[in-house]
Amino acid sequence: MRLNLNALLLTGSLLLAFSACDSNKVYESYTSLPDKGWPADKPVTFKVEIEDTMQACNVHLMVRHMPQYPFQNLYVLLDTKFPDGSLSTDSVQFMLFNAAGESLSDCAGDLCDARFMFRNHVRFPQAGNYEFIMRHAMRVDQYRGVLPFVLDVGIRIETSETPAS
């Protein structure tokens, strides 16, 4: 019985420790893409509720890909739909490999994770529901409109240590 109590206390302590390590997370989600890759005509949408307009946040875009990804970079178009219906579009380039072909992502075996700062120390101007619509802008005619070896894309919003001005 004492062993079970110790195991329960250890498990509870570990769960508390792991949840406390990520206390600045506001939102994080990945969307898995089809097995063949990311079709150019298939944007990925993330719906996020933002309540605190005074809190500065960092916004990261995330990509899981395989080491066989055929390009050095990844161009992404990101539409941000605000709670009032207004829309903002950004074009972003992410470097996945350096000029020597070495991965800039965190790779283990056939899986590479890349996380890019999109907005640093930003405040959301409106409380409510935001939509982030992400689509790639790569020239993939030779791949029949599908960006190969991209497995998942995601977004992470976290509170920032530095207040936004």
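Helices (H or I, at least four residues) and strands (E, at least two) are DSSP runs, numbered from the N terminus. This is a predicted model, in which local features need pLDDT of at least 70, side-chain atom pairs count only at pLDDT 80 or more, and totals for chains, interfaces and linings use all residues. Residues are numbered from 1 along each chain as its sequence is written, and side-chain values use heavy atoms, with hydrogens and water left out.

**View 1. Thr 31 in strand E1.** Strand E1 covers residues 25-32 and includes Thr 31. Thr 31 has 26% relative accessibility, so it counts as partly exposed. (Buried means under 20% relative accessible area, exposed over 50%, and partly exposed in between, with a 1.4 Å probe and protein chains only.) Contact means heavy atoms within 4.5 Å. Leaving aside neighbours within four places in sequence, Thr 31 is in contact with Val 44, Phe 46, Leu 151, Asp 152 and Val 153. Thr 31 and Thr 45 are 14 residues apart along the chain, and their C-alpha atoms are separated by 8.6 Å.

**View 2. Aromatic pairs around Tyr 130.** Rings of Phe, Tyr and Trp (its six-membered ring) pair if their centres lie within 6.5 Å; planes under 30 degrees apart count as stacked, over 60 as edge-to-face and the rest as tilted. By this rule there are seven aromatic pairs. Phe 82 and Tyr 130 have ring centres 5.5 Å apart and planes at 65°, so this pair is edge-to-face. Phe 82 lies in the loop between strand E5 (73-81) and strand E6 (87-95), while Tyr 130 lies in strand E9 (residues 128-136), so the pair ties together parts that are 48 residues apart in sequence. Tyr 130 also pairs with Phe 132; this pair is stacked, at 6.4 Å centre to centre and 15° between the planes. Tyr 130 is buried, with a relative accessible area of 1%. Phe 132 is buried too, at 3%. Phe 82, Phe 124, Tyr 130 and Phe 132 form one aromatic cluster.

**View 3. Charges over rings.** A charge sits over a ring if NZ of Lys or CZ of Arg is within 6 Å of the ring centre and within 35 degrees of the ring normal. Arg 64 places its charged end over the ring of Tyr 30, 3.6 Å from the centre. Over the face of Phe 118 lies Arg 119, at 4.4 Å from the ring centre.

**View 4. The largest nonpolar core.** A nonpolar core is a set of buried Ala, Val, Leu, Ile, Met, Phe, Trp, Tyr and Cys residues joined through side-chain atoms within 4.5 Å. The largest one has 35 residues. Tyr 69, Phe 132, Leu 147, Val 153 and Ile 157 have the most contacts inside it. Elements giving two or more residues to this core include strand E3 (44-50), strand E8 (111-122) and strand E11 (150-159). Not counting residues up to four places away in sequence, Ile 157 touches several residues, among them Val 26, Cys 57, Phe 124 and Phe 132.

**View 5. The disulfide.** A disulfide is a pair of cysteine sulfur atoms within 2.5 Å. The structure holds one. It joins Cys 107 to Cys 112, with S to S at 2.1 Å. The torsion about the S-S bond of Cys 107 and Cys 112 is about 110°, so the disulfide is right-handed. Cys 107 is partly exposed, at 33% relative accessibility. Cys 112 is buried, at 0%.
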